[in-house]
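Notebook open, structure loaded. I wanted to look up some charged pairs first, then a helix pair.

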Amino acid sequence: MMNQVTMKLNTDEYILHALKEDITSEDVSTNAVMREDRLGEADLLAKEDGIMCGLTVFARVFTLLDENAVFETEYKDGDYVTKGTRIGVIRGDIKALLSGERTALNYLQRMSGIATYTNSYAKELEGCHTKLLDTRKTTPNMRPFEKYAVTVGGGCNHRYNLSDGVLLKDNHIGAAGSVTKAVKMAREYAPFVRKIEVEVETLEQVKEAVEAGADIIMLDNMDNETMKKAVALIGGKAETECSGNVTKERLKEIAEIGVDYVSSGALTHSAPILDISLKNLKPV
């Protein structure tokens with residue numbers, strides 16, 4: 001599960017790459033109007049309602065440019081803010097504030113948007129046994145940030161990457177020749193501590209996955225009636241996950257069927273940003 005500790009251990013390289021993407025040699029605009037070092041500050045403002053996520057990442061962008069920069073805020077990741085809220089104040093060298101503004105806001109807006117969007121899904125599953133999962137459908141070079149944002153919004157992380165677990169999808173099964181062969185080969189190859197999850201699309205494949213000894217069976221793109229039959233066939237012999245065509249409107253129906261997990265790529269690939277801006281920059 002992605003959390004603050006793992007974020008701190010893994011994100012500086014990503015942030016520096018993003019800054020280098022935006023500043024290849026110099027910030028011409030900033031250097032044109034700021035010829036000398038000067039301390040300044042700017043307000044971070046919410047322009048719509050939502051859940052904060054990425055405040056430490058926002059601050060880190062500026063401290064990488066100016067080690068003396070300070071972000072003052074009473075808010076933390078997971079807090080709800082309303083439109084017009086003054087979230088905090090960033091203070092530091094004005095050149096750093098100007099050069100880091102867009103990168104810092106890109107992270108904060110994206111992460112807060114995912115946390116807010118995920119929370120709208122998570123609320124539909126409150127009080128249910130079924131857990132909400134994300135997927136690997138993340139923006140390239142944004143995975144640690146987006147996975148973390150899902151947890152802040154109330155969701156859970158599926159595997160982080162391809163090294164993190166065995167998930168035999170349709171093309172793996174096609175390459176192996178059958179569900180049975182794919183599970184057998186995975187069992188022989190993967191470390192014994194790894195669970196084996198298999199994606200199935202039909203009731204025949206469900207039966208085969210159960211008989212092959214899969215630990216988790218992913219019911220892919222099944223309608224509710226087929227899914228009910230699949231859960232009955234599995235009968236607790238494996239954990240169950242629903243995936244494919246998962247909308248917020250379907251979540252309660254899916255949970256009532258009794259699956260253990262429901263995964264949705266939309267949490268990361270379709271979440272809109274949360275509108276946040278940096279305003280009122282002035283020397284101090």
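Predicted model: local features only at pLDDT ≥ 70, side-chain atom pairs only at ≥ 80, totals over all residues.

**Salt bridges**

I started with R91, which forms a salt bridge with E72, the closest N and O atoms being 2.7 Å apart. For a salt bridge I took a side-chain nitrogen of Lys or Arg within 4 Å of a carboxyl oxygen of Asp or Glu. R91 sits in strand β5 (residues 86–93) and E72 in strand β3 (residues 70–73), 19 residues apart. Strands here are DSSP runs of E, at least two residues, and helices are runs of H or I, at least four, numbered from the N terminus.

Numbering runs from 1 along each chain as its sequence is written, and side-chain values use heavy atoms, with hydrogens and water left out.

Next I checked K282, which forms a salt bridge with E41 at 3.1 Å between the closest N and O atoms. K282 is in strand β12 (residues 276–283) and E41 in strand β1 (residues 39–46), 241 residues apart. E41 is buried at 11% relative accessible area, whereas K282 is partly exposed at 37% (buried is under 20%, exposed over 50%, partly exposed in between, with a 1.4 Å probe and protein chains only).

I also found that shared partners join E41, E72, R91 and K282 into one network.

**Helix pair**

Last, I saw Y14, I15, A18, L19 and D22 in α2 meet G100, R102, T103 and Y107 in α5 (contact is heavy atoms within 4.5 Å).
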